[in-house]
Amino acid sequence: MIEITRAQEEVLMALWKIENGAVSDVLETLPDPKPAYTTVATVLKVLENKGYIAHKTYGKTNVYYAIISKNKYAGFHVRNILSEF
């Protein structure tokens, strides 16, 4: 697994919360102040490139979903923290 930034982690957590959704769905789930729509779209593409999420296309809309579970990510995150000490 590749490490992700805090902003990427927030978008991933929002996606876990809604299970799957378009950029606008993820944006609605994020806390205020909300980032720009294009920022969320870019972060979703980066997360997809890093192997955390995938998407299905329905017409012109991409619907994103996580392919890494919260538990798997939590284990990876804890191992990273412990390895730094």
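A salt bridge, as I use the term here, is a side-chain nitrogen of Lys or Arg within 4 Å of a carboxyl oxygen of Asp or Glu. The model you see above is a predicted one. By that rule, the count for this model comes to three salt bridges.

I'll start with helix α1. R6 and E9 form a salt bridge, with their closest N and O atoms 2.5 Å apart. These two residues are three apart in helix α1, so about one helical turn separates them. R6 also meets the side chain of E10 in a salt bridge, at 3.7 Å from N to O. Here the spacing is four residues, which again means about one helical turn. Taken together, R6, E9 and E10 are linked in a network of salt bridges.

Now, is E9 buried or exposed? Its relative accessibility is 12%, and because buried means under 20%, E9 counts as buried. Leaving aside neighbours within four places in sequence, E9 contacts I4, Y73 and H77. E10 is partly exposed, at 34%.

The remaining pair is D32 and K34, whose closest N and O atoms are 3.9 Å apart. D32 is exposed, at 65% relative accessibility, and K34 is partly exposed, at 38%.

Back to α1, and what it packs against. The axes of α1, residues 6–18, and α3, residues 37–49, come within 10 Å and cross at roughly 90 degrees. That makes the two helices roughly perpendicular. On the α1 side the contact is made by A7, Q8, V11, L12 and L15, and on the α3 side by V43, L44, V46 and L47. Of these contact residues, eight are nonpolar, one is polar and none is charged.

How values were computed: Residues numbered from 1 in each chain as written. Predicted model: local features only at pLDDT ≥ 70, side-chain atom pairs only at ≥ 80, totals over all residues. Heavy atoms only, no water. Axes fitted to C-alpha atoms, helices over the stretch in contact; angles between N-to-C directions. Parallel < 35°, antiparallel > 145°, perpendicular 65-115°, else oblique. Contact = heavy atoms within 4.5 Å. Nonpolar A, V, L, I, M, F, W, Y, C, P; charged D, E, K, R; others polar. Buried < 20%, exposed > 50% of the residue type's maximum accessible area, 1.4 Å probe, protein only.
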